[in-house]
Amino acid sequence: MLKDLISQYIEEIRSANIEKFEDRAAEVEKFRVRFLGRKGVMNELFEQFKTLPNDQKKEMGIALNELKNAAMAKVEEFKNFVEEKMDVEDSHDLTLTADFSQRGSRHVLSVTMNEIAEIFARIGFTIEESVEIEDDWHLFSALNFPPDHPARDMQDTFFVQKEEGKMDVALRTHTSSVQVRVMETHKPPIRIIAPGRVFRNEAISARAHCIFHQVEGLYVDKKVTFADLKQTLLYFAKEMFGQDTQIRLRPSYFPFTEPSAEMDVSCNICGGKGCNICKGTGWLEILGCGMVDPNVLDACGIDSKEYTGFAFGMGVERMAMLKYQIRDLRLYFENDLRFLHQFDNII
């Protein structure tokens with residue numbers, strides 16, 4: 001009897017459980033075709049419905065609509081279930097390895113520069129930055145470079161503009177230009193570091209590059225002495241390379257400082273005993289420094305009779321080479337992942 005058959009199908013639909021399907025997407029489609037397809041149960045029952053006496057059609061029509069609605073609702077429920085499962089499985093693929101993504105990390109030069117800045121920040125130095133394309137005044141003249149100084153020559157400097165009758169413009173060869181700009185616009189006391197990228201027209205090799213990074217420092221105030229410079233750099237060396245680190249200052253020459261010195265630190269590889277890194281001397285050169293020349297202070301509008309100051313400058317690449325025992329400076333710029341991944345765990 002048609003009524004019993006409809007009731008049987010309704011019960012079958014309501015008791016259908018997708019959790020028992022092996023291939024859920026395929027089984028859901030099979031379920032839909034069976035009940036709602038062109039040759040499915042509903043069409044078959046409607047064909048039987050046409051042969052019923054008129055007095056039975058109203059009751060059977062209501063039953064057929066109930067069956068159709070139940071089938072459509074169950075198909076919709078199954079489809080939603082399958083889609084949700086697919087979304088979850090796509091985002092949580094249990095067949096993947098535990099660590100399937102590669103995280104980025106800071107470049108070793110960025111890490112080193114940040115460490116240098118943090119050390120000087122602890123003793124009151126602030127960070128100043130400026131342009132990478134500079135004029136002759138801020139690069140050379142204000143820093144007491146003579147007109148015939150070799151640094152002004154094309155062999156050392158990348159000039160952007162070098163024409164007779166016009167002021168030379170070049171890629172900055174040092175961040176000392178930042179010190180000049182600060183002294184021109186700030187009154188003492190001044191205590192700053194100037195980290196940044198610089199450019200020099202040099203042949204690229206394991207020990208030299210045309211692009212590198214510097215951190216320069218400047219302290220100008222009343223009664224600043226060379227002893228202040230020495231203690232500042234000793235503090236930095238111990239914080240950077242360890243509390244057992246020793247320093248030594250050797251006389252040198254820079255146009256913008258007088259007196260001037262080169263600073264060495266005891267080799268942190270051999271403990272000062274001598275090795276191939278320090279060439280058997282037990283010492284490693286890391287920076288240049290000195291008392292700011294009075295001519296520089298006067299050129300920047302600071303009274304050299306009232307104020308004194310010291311300045312220092314170091315190469316970030318060299319500091320990283322010493323700290324992390326990197327032997328070829330070109331590795332910093334080649335973007336070789338084998339090299340870069342060695343520093344993933346440093347902060």
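# Salt bridges, sheet and spaces

Modeller: Let's start with a pair of side chains: Lys 222 and Glu 306 form a salt bridge, with 3.2 Å between the closest N and O atoms. Keep in mind that this is a predicted model.

Biologist: Why is the pair of Lys 222 and Glu 306 called a salt bridge?

Modeller: The cut-off is a Lys or Arg side-chain nitrogen within 4 Å of a carboxyl oxygen of Asp or Glu. Lys 222 and Glu 306 have their closest N and O atoms 3.2 Å apart, so the pair meets the cut-off of 4 Å.

Biologist: What makes that pair a link between distant parts of the chain?

Modeller: Look at where the two residues sit. Lys 222 is in the loop between β6 and α8, Glu 306 is in the loop between α9 and β10, and they are 84 residues apart.

Biologist: How many salt bridges does the structure hold?

Modeller: Eleven. One of them joins Asp 264 and Arg 248, at 2.8 Å from N to O. Asp 264 belongs to strand β8 and Arg 248 to strand β7, so this pair ties together parts 16 residues apart in sequence.

Biologist: Are Asp 264 and Arg 248 buried or partly exposed, and how do you know?

Modeller: Asp 264 has a relative accessible area of 2%, so it is buried, given that buried means under 20%. Arg 248 comes out at 34%, which means partly exposed.

Biologist: Which residues are linked with Arg 248 in a network of salt bridges?

Modeller: Arg 250, Asp 264 and Glu 285 join Arg 248 in that network. As another example of a salt bridge, Arg 330 pairs with Asp 328, their closest N and O atoms being 2.9 Å apart. Arg 330 is partly exposed, at 32% relative accessibility.

Biologist: Are Cys 289 and Cys 300 buried or exposed?

Modeller: Buried. Cys 289 has 2% relative accessibility and Cys 300 has 5%, and the cut-off for buried is under 20%.

Biologist: What makes strand β6 largely enclosed by the rest of the structure?

Modeller: β6 covers residues 211-221, and ten of its eleven residues are buried, so the rest of the structure largely encloses the strand. With β5 (residues 190-199), β6 pairs in the antiparallel sense over ten bridges; Gly 196 is opposite Gln 214, and Ile 193 is opposite Gly 217. With β10 (residues 308-315), β6 is joined by eight bridges, also running antiparallel, and Val 215 has Met 314 as its bridge partner there.

Biologist: How do you know that β5, β6 and β10 count as paired strands?

Modeller: Two strands pair if there are at least two bridges between them. Ten bridges for β5 and β6, and eight for β6 and β10, so both pairs meet that cut-off.

Biologist: Where do these strands come in the order of the sheet?

Modeller: The open sheet has seven strands in the order β1-β5-β6-β10-β9-β8-β7, with mixed pairing. β1 (126-127) and β7 (247-254) are the edges: each has a single partner strand, so one side of each lacks a neighbour in the sheet.

Biologist: Which residues lie nearest the centre of the largest pocket?

Modeller: Arg 200, Phe 212, Gln 214, Gly 313 and Gly 315, out of 40 lining residues. The space in this pocket is about 1000 Å³. Elements that each supply at least two lining residues include β6, β10 and α10 (316-324). By class, the lining has 18 nonpolar, 13 polar and nine charged residues.

Biologist: What makes a space a cavity rather than a pocket?

Modeller: In a cavity the 1.4 Å probe fits but cannot get out, whereas a pocket is open. The search finds one cavity of 30 Å³ or more. The largest cavity holds about 40 Å³ of space, and its lining includes Leu 143, Glu 216 and Phe 256. That lining has five nonpolar, three polar and one charged residues.

Methods
Residues are numbered from 1 along each chain as its sequence is written. This is a predicted model: local features need pLDDT of at least 70, side-chain atom pairs count only at pLDDT 80 or more; totals for chains, interfaces and linings use all residues. Side-chain values use heavy atoms; hydrogens and water are left out. On a 1 Å grid over the protein atoms alone, a cavity is a set of points where a 1.4 Å probe fits but cannot get out, and a pocket is an open set with protein on both sides within 12 Å along at least five of seven lines; lining residues have an atom within 4 Å of a point. Grid points are joined across faces, edges and corners, and a volume is the space filled by probe spheres set on the points. Ala, Val, Leu, Ile, Met, Phe, Trp, Tyr, Cys and Pro count as nonpolar, Asp, Glu, Lys and Arg as charged, and the others, Gly among them, as polar. Buried means under 20% relative accessible area, exposed over 50%, partly exposed in between (1.4 Å probe, protein chains only). Helices (H or I, at least four residues) and strands (E, at least two) are DSSP runs, numbered from the N terminus.
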